[in-house]
Amino acid sequence: MQFSQDRPIYSEAPLQLLLFVDGRPKSRQQVQRILLYLEELQAEYKFELQIVDVGQKPYLAEHFKLVATPALIKIHPEPRQILAGSNITAQLKTWWTRWQASVDAYLELQSSFQENTVDNSLVKGNQSTIGSLAVSEELLHLSDEIFRLKQEKEKLTEQLQFKDRVIAMLAHDLRNPLTAASIAIDTLQSNFNPEQGTFDRLPPKMTVHLFKQARSQTKIIDKMITDLLQVGRGSEKEFYIQPEKIDLGKLCSEVLEELRDRYTAKYHTLTKDIPKDLPSVYADPERIRQVLMNLLDNAIKYTPEGGTIAVSGLHRTTQKVQFSIGDTGPGIPEENRERIFENHFRLARDETTEGYGIGLCLCQRIIVAHYGQIWVDAAPEGGAWFHFTLPVYPN
């Protein structure tokens, strides 16, 4: 009996069988019984057998839709037949004579067909041999390779898209510190007397404040560029923070001061409910500044003239502080309140609104990096309430 272990056979044998085996110890005895019985049958009738280890080639088991092993498959002549289970030898005793009869009928039909066919290659082309399994196996390999290449392409495309998102984040979040630094520098320059080396129309206290403002804003810009480019070189799941003790209420007041011109231009009413005893949080001040800037920027953008923007703080638990920012804008539909934090997700109504659709996604990434949570609710008077939690600074 000719057989091969996990190697395609190119053969013209009329009766061709595949034996699928696995590495389980309890199935080895059954396989040995099948092979011994096939050796006995080989003395009566010639056939060819190939043994396939499903552990090495599981895709072939899927190709033949096998649900159990060992399994013996007659692949030629057609129709294909599968014997499986614990009594394959007994099934062989029943089917062997029928297989012989099908082979004899096939050979007789082939002989008759050859006598009446000029081009014998047509006959060979119609044969379904073990060689066809090699072709199927090669096609499966090619299919797997195509799938792998598609995955690599998707991964590369996702990386390129993420690079674009990083650039969008920079463009979105650099605008405010750049404007603040530019205003401070322009004010200093316009009041500087180069002949005397003094600032003529600026009191010393204001001069110190403007220098401090310009310096702090450029530090913010430098850190944002460094960190975001670092994130761009890594995976999207990575986000780097440098937590320290910060006063969240004071930080929020600083951000509101930077945005004062914007919300006063729209005659917004600002309400604050931040307890004086609100504990300090353990967080990266520049990252949390980005969160506050994004949330307040959105609140100002979507609140109509004369509307209200609310800011509140809450010592939620001994370990968490909750901070909330509300507005009286159009609000977020309930079905979109989770998706609103997805990257580049924008509501249909906002398609023509300025923005990149990355602000809330960036906020979520920052808060999650601090082991906090961020979510949005509907405001009782209409509009949206954005909430996030941060860890309390340990005493």
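Me: What share of the contacts in the chain with a separation of 6 or more comes from residues 24 or more positions apart?
Reply: This is a predicted model, and its chain has 11 helices and 14 strands. Among the contacts with a separation of 6 or more, the share that joins residues 24 or more positions apart is 73%.

Me: How many residues are in the chain, and what percentage of them is buried?
Reply: The chain exposes about 22,600 Å², of which carbon and sulfur atoms supply 53%. Of the 395 residues in the chain, the buried ones make up 45%.

Me: At what angle do helix α8 and helix α10 pack, and is their arrangement parallel or oblique?
Reply: Helix α8 covers residues 248-258 and helix α10 covers residues 285-302, and their axes lie 10 Å apart at an angle of about 50 degrees.

Me: Which residues of α10 make the contact with α8, and is the crossing left-handed or right-handed?
Reply: The crossing of α8 and α10 is right-handed. On the α8 side the contact is made by L248, L251, C252, E254, V255, L256 and E258, and on the α10 side by P285, I288, R289, L292, M293 and L296.

Me: How many nonpolar residues does the contact of α8 with α10 have?
Reply: Sorted by class, the contact of α8 with α10 includes three charged residues and no polar ones. The nonpolar residues in this contact number 10.

Me: Where is K65, and what is its relative accessible area?
Reply: K65 is not a glycine, yet its phi is positive at about 60 degrees. K65 is placed in the loop between α2 (58-63) and β4. K65 is exposed, and its relative accessible area is 68%.

Me: How far apart are the C-alpha atoms of T389 and Q322?
Reply: T389 lies in strand β14, residues 384-391, and is buried with a relative accessible area of 4%. Leaving aside neighbours within four places in sequence, T389 is in contact with residues including R316, I367, W375 and Q322. Although T389 and Q322 are 67 residues apart along the chain, their C-alpha atoms are separated by 4.4 Å.

Me: Which peptide bond is cis with omega near 5 degrees?
Reply: The loop between β4 (71-76) and β5 (81-84) contains P77, and the peptide bond from H76 to P77 is cis, with omega near 0 degrees. P79 also lies in the loop between β4 and β5. The cis peptide bond with omega near 5 degrees is the one from E78 to P79.

Notes:
Residues numbered from 1 in each chain as written. Predicted model: local features only at pLDDT ≥ 70, side-chain atom pairs only at ≥ 80, totals over all residues. Heavy atoms only, no water. Axes fitted to C-alpha atoms, helices over the stretch in contact; angles between N-to-C directions. Helix = DSSP H or I, 4+ residues; strand = E, 2+ residues; numbered from the N terminus. Left-handed = near helix turned anticlockwise from the far one by under 90°. Contact = heavy atoms within 4.5 Å. Nonpolar A, V, L, I, M, F, W, Y, C, P; charged D, E, K, R; others polar. Buried < 20%, exposed > 50% of the residue type's maximum accessible area, 1.4 Å probe, protein only. Areas by Shrake-Rupley, 256 points an atom, 1.4 Å probe, with all protein chains shown as cover.
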